[in-house]
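Trainee: Please take one part of this model and look at it closely with me. I would like a connected account.

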Amino acid sequence: MKLKEKLHQLRSEGRGILATNFYNLETLHGVLGAASEMNEPLILQLTESSIDYMGLETAVNLGRTGLKQFGVEGWIHLDHGGSVELAQRCLDAGFDSVMIDGSELAFEENIKITKEVVARAKKYGAHVEAELGYVAKLGQSHDDKVFTQPEEAKQFVEETGIDALAVAIGTAHGFYKKEPELQLGLLERIAEATPVGLVLHGGSGVPASQLQAAISRGICKVNLATEIKNIFMKTLQFQLRNNEEIDLRKVFPVATGEITKLVKGKLETIKNNT
């Protein structure tokens with residue numbers, strides 16, 4: 001099933017899918033182990049920095065092989081693609097989906113760059129996600145609030161032809177200093193204005209009740225990255241404290257297991273079977 005079809009199905013059912021970033025073999029196996037145990041589909045995401053770290057071909061092959069090995073229905077997605085050129089590289093490498101993030105550009109410039117990626121992706125039968133509004137990235141202020149507006153969302157989707165739209169409704173990337181308050185009324189109006197799949201970035205740290213409320217109001221893809229990195233590194237740091245073990249094959253699996261526990265909890269929430 002194409003990702004566009006999957007998101008349409010989930011949105012119509014009031015359910016969601018988890019999109020998890022991975023950074024190496026261990027984080028990949030951690031998230032796939034959770035999806036396999038719970039028999040849930042999963043989107044595997046790669047940022048430009050992760051592609052640079054692992055190498056494009058290596059990263060894609062890891063993802064594809066992992067999905068097959070764990071028996072998970074899944075898709076490989078470029079997260080926060082910053083240029084048409086990067087999106088093209090990922091399309092050539094066989095990504096199922098790419099995101100072009102022009103959210104910091106002027107509205108018309110965002111439309112222009114997004115239309116270009118949509119046109120290119122069409123030749124590959126690939127899914128395209130874009131972003132509208134201000135979802136603070138790592139290191140950016142959480143105080144600046146520029147929410148996605150329904151009228152602009154409708155125009156943006158119609159003019160670009162995207163398949164999914166990441167909306168700014170009160171989340172941010174990274175950890176929160178205080179509990180976020182999602183603008184659920186605004187989300188409802190955005191969902192009424194456009195039929196495409198709606199995406200929630202900055203899912204780390206959002207309470208389960210708010211995630212489920214957002215999914216019930218139109219969000220069908222929830223991104224998770226920061227909590228995965230955090231639990232992996234914190235677990236490793238704890239394991240290596242006063243530990244002289246040098247066999248990484250004995251140390252890493254503990255951290256991988258903690259990722260699996262984390263993601264299983266998120267999957268249970270995002271199924272939204274309440």
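Mentor: Start with Lys6, which is buried, because its relative accessible area is 9% and the cut-off for buried is under 20%. Bear in mind that this is a predicted model. Lys6 belongs to helix H1, which covers residues 3–13. Leaving aside neighbours within four places in sequence, Lys6 is in contact with Met1, Pro41, Glu73 and Trp75.

Next comes the sheet. Eight strands form a closed barrel in the order E1-E2-E3-E4-E5-E6-E7-E8, and the pairing is parallel. From one strand to the next, the twist averages 25°. Helix H2 (residues 25–38) packs on this sheet, where it touches strand E1 (17–21) and strand E2 (42–46). The direction of H2 makes about 170° with that of E2. Helix H4, made of residues 56–70, lies across E2 and strand E3 (74–81), and it runs at about 150° to E3.

Strands of a sheet pair through backbone hydrogen bonds, either parallel or antiparallel. Met99 stands opposite Glu129 in E5.

Glu48 is another residue to look at. Glu48 sits in helix H3, residues 48–54. Its relative accessible area is 38%, so Glu48 counts as partly exposed, a class that lies between the cut-offs of 20% and 50%. Not counting residues up to four places away in sequence, Glu48 touches Asp79 and Leu86. Between Glu48 and Ala121 there are 18 Å in space, C-alpha to C-alpha, and the two are 73 residues apart in sequence.

That leaves the aromatic rings. A search of the whole structure finds two aromatic pairs. One of them is formed by Phe107 and Phe156, with 6.1 Å centre to centre and 50° between the planes, and this pair is tilted. Phe107 lies in helix H6 (residues 107–122) and Phe156 in helix H7 (residues 150–160), so the pair ties together parts that are 49 residues apart in sequence. Both Phe107 and Phe156 are buried.

Terms used: Residues are numbered from 1 along each chain as its sequence is written. This is a predicted model: local features need pLDDT of at least 70, side-chain atom pairs count only at pLDDT 80 or more; totals for chains, interfaces and linings use all residues. Side-chain values use heavy atoms; hydrogens and water are left out. Helices (H or I, at least four residues) and strands (E, at least two) are DSSP runs, numbered from the N terminus. Buried means under 20% relative accessible area, exposed over 50%, partly exposed in between (1.4 Å probe, protein chains only). Contact means heavy atoms within 4.5 Å. Rings of Phe, Tyr and Trp (its six-membered ring) pair if their centres lie within 6.5 Å; planes under 30 degrees apart count as stacked, over 60 as edge-to-face and the rest as tilted. Two strands pair if DSSP finds at least two bridges between them. Axes are lines fitted to C-alpha atoms, for helices over the stretch in contact, and angles run from 0 to 180 degrees between N-to-C directions.
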